[in-house]
Amino acid sequence: MKKICLLILVMCTATLLPAQQTYQQEQKMNAFVKNLMNKMTLDEKIGQLNLVTPGGAVTGSVVSTDVDNKIRKGQVGGLFGINGPAQIRKAQDIAVNNSRLKIPLMFGLDVIHGHRTIFPIPLGLSCSWDMPVIEQTAHIAATEAAADGLNWVYSPMVDIARDPRWGRIAEGAGEDPYLGSKIAAAMVRGYQGKDMAAGDAVMACVKHYALYGAAEAGRDYNTVDMSRIKMYQYYLPPYKAAVDAGVGSVMSSFNEVDGIPATANKFLLTDVLRNQWGFKGFVVSDYTSVSEMINHGIGDLQQVSAEALKAGLDMDMVAEGFLTTLKKSLQESKVTQKEIDDACRRVLEAKYKMGLFDDPYRHCDEALAKTAILTDASRLAVRNAAERSFVLLKNSNNILPLKKSGTIALIGPLADDQRNMLGTWNIRGEYSEDITVLQGIKNVAGNDVHVLYAKGANISDDSMIVTSINNFAKEIDVDSRTPQQMIDEAVETAGKADVVVACLGEAADFTGEAASMTDISLQQSQKNLLQALVATGKPVVVVLFNGRPMTLVWEDKNAAAILDVWFPGTEAGNAIADVLFGNYNPSGKLTTSFPQNVGQIPIYYNHKNTGRPLLPGDGQKFKSDYLDVTNEPLYPFGYGLSYTSFSYGDPVVSKTTISGTEGLTVTVTVTNTGNYNGEETVQLYLHDKVAGITPPVKELKGFQKIFLKKGESRQVVFNIDHSDLMFYNSDLKLVAEPGEFEAMTGPDSRNVKKVSFWLK
């Protein structure tokens, strides 16, 4: 009996240990930070709130000046825009050897989809619906960033986006809050691990808080206006998921919310983020978003800086409004000492958690940087992730996979292009290390495949677009030949081949920051090329490079196959060839709806019904529809084909009636009915048929990625708990109301089968 009691005591003690350790660590940190702040002058406290860049990887028009002297004076809390152990060590030396209190700097950089090893753009990676793979990509990025001297990355970007005109849709996970939340948490875990001070971890910074993806007209930096219910139900969940996953920092967004810029929005930064969600980390502004509030019409630099601090902003990126005005604002009682102290404390706590007070030169190992960056293992991981991100949009007559014999005409401006394989936001990627499609096909296809290449067209012949895109680097290489000469060569090349593979789409910086577009179709130069290729009568496989959903009605009707590869990263060509030749069976599913034309935007799957919805078979007037196109997207959310085929049985619920907080299961049988082994992402949607506020037609509430051999069947079981039935009511409270619900299962959001159950 004594042994049993002792065992129980030991087990209980072991259970409490993690909480006790966390408490003890927090107490130790609090004591250290309090002691340090007692030694700090007001100027030094304000200095910790100043984030500057000496140049390099910048996203605005301002570069900080006199950085070295400011570090010596204790006027800088962190640097971004530099990397490499040697450079970072030099900057850290100034702080820890030449400033009064020797407080170390933190070092950040935009590490969006990889550091030196570049993974698919986030929108593409989200189409894998594969959380372990997504977490692995963030961990590899963290490992490389840490080896390169960094301890802070400005990622993940989790903004929900329903407008593909917005260029930064490329950086996020698409239109759905449920999937976006899962990806946000996976990215935070990948970056930070279990200990942000570890050698292979960095502090993550979730952005852009908040609602940045809902910018009016899809124009970057633009106004955002929406109801609180829409905000809480659809746009805020991914940020909260990152906070719940322990993210160390949050970046405010450029846009306004409820008429107040996010950077000085107390409702966002304090009421929601800290008071409702319990966030304990620090908030940094986006690039000069403090000073940009002057243009919003909020006040001069002193006023907007004071408003930002009072709202809950802790660190000012580049604008230096905090550095130059907070002392005066304190003297004039426009801010309080406590507000300055709270912000300083949160910045110092972040440095403590990074381990910088124990070792200011953490991550400054030049030998490690030579061995831990762009390794064979990381390149293999990129290839694997890229293959899983590709979405097969069309495959007539099973033209894909291609045979490893015969002659292929590889045509298009992106077929032998290293510069555009990485996509937007690759600060440290080296284009010379990318694998082009031409090289990848030669690597994978084998000696029995003869490849003929022709460029066929420029990415664009629009001089305005060429000038804008080539502003920083030459992404569009304008050929000296005329467009017709290039098309003629391409048509002649196609005539000698069995099949045409046309590599078309966007240049890398057609998407990303400040890259919004009103026309999201193929550039006219490429349309002309594709039309000429289709006219040859040869089967044309389009390999599509893009950072956004595009309008592809003609392409869908006339191409034999379309494989959306987004921007695949360092191993682009090898991954594309693996899929084209069937070494990997594509399994990607769209995380954004593809409109038929821009007139349908915004278009998204989880929309609401009107009082006059257009129902199947309706032909009468006075319905919510268009005269010229259907309401449906060209490709719906969740859509993606495979080289094999899958059949779905009817969903079955374990209970038809539940009460209180009871849950139930939904089971569906999925069968691989085709000729290849393959992966399928089985999706679960719910619809609340009657609610206190108007419900959406469906909402994603579960998904499972399964592998089935040809002919194999599997029962896929989804658990539905009480929280899955909840929504935000008019009082912004999460509730579940009694009534009928529909559970829907299928391969995408459009092709689903339903079963009903009731909540009593």
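Axes here are lines fitted to C-alpha atoms, for helices over the stretch in contact, with angles running from 0 to 180 degrees between N-to-C directions. Keep in mind that this is a predicted model.

Q: At what angle do H6 and H7 pack, and how far apart are their axes?
A: Two packed helices are described by the angle between their axes and the distance between the axes. H6 passes H7 in a right-handed crossing. For H6 and helix H7 (residues 177-192), the numbers come out at about 35° and 7 Å.

Q: How many nonpolar, polar and charged residues make up the contact of H6 with H7?
A: On the H6 side you'll find Met131, Ile134 and Ala138, among others, and they meet a set in H7 including Leu179, Ile183 and Tyr191. Glu135 of H6 and Lys182 of H7 are also part of the meeting. Sorted by class, the tally is 10 nonpolar, 2 polar and 3 charged.

Q: Which strands stand at the edges of the open sheet of 5 strands?
A: The order is E19-E27-E26-E21-E22, with mixed pairing. E19 pairs with E27 in the parallel sense over 2 bridges, and Ile658 stands opposite Leu759 in E27. Each edge strand has a single partner strand, so one side of each is left without a neighbour in the sheet; the two are E19 (657-658) and E22 (699-708).

Terms used
Residues are numbered from 1 along each chain as its sequence is written. This is a predicted model: local features need pLDDT of at least 70, side-chain atom pairs count only at pLDDT 80 or more; totals for chains, interfaces and linings use all residues. Side-chain values use heavy atoms; hydrogens and water are left out. Helices (H or I, at least four residues) and strands (E, at least two) are DSSP runs, numbered from the N terminus. A crossing is left-handed if the near helix is turned anticlockwise from the far one by less than a right angle, and right-handed if clockwise. Contact means heavy atoms within 4.5 Å. Ala, Val, Leu, Ile, Met, Phe, Trp, Tyr, Cys and Pro count as nonpolar, Asp, Glu, Lys and Arg as charged, and the others, Gly among them, as polar. Two strands pair if DSSP finds at least two bridges between them.
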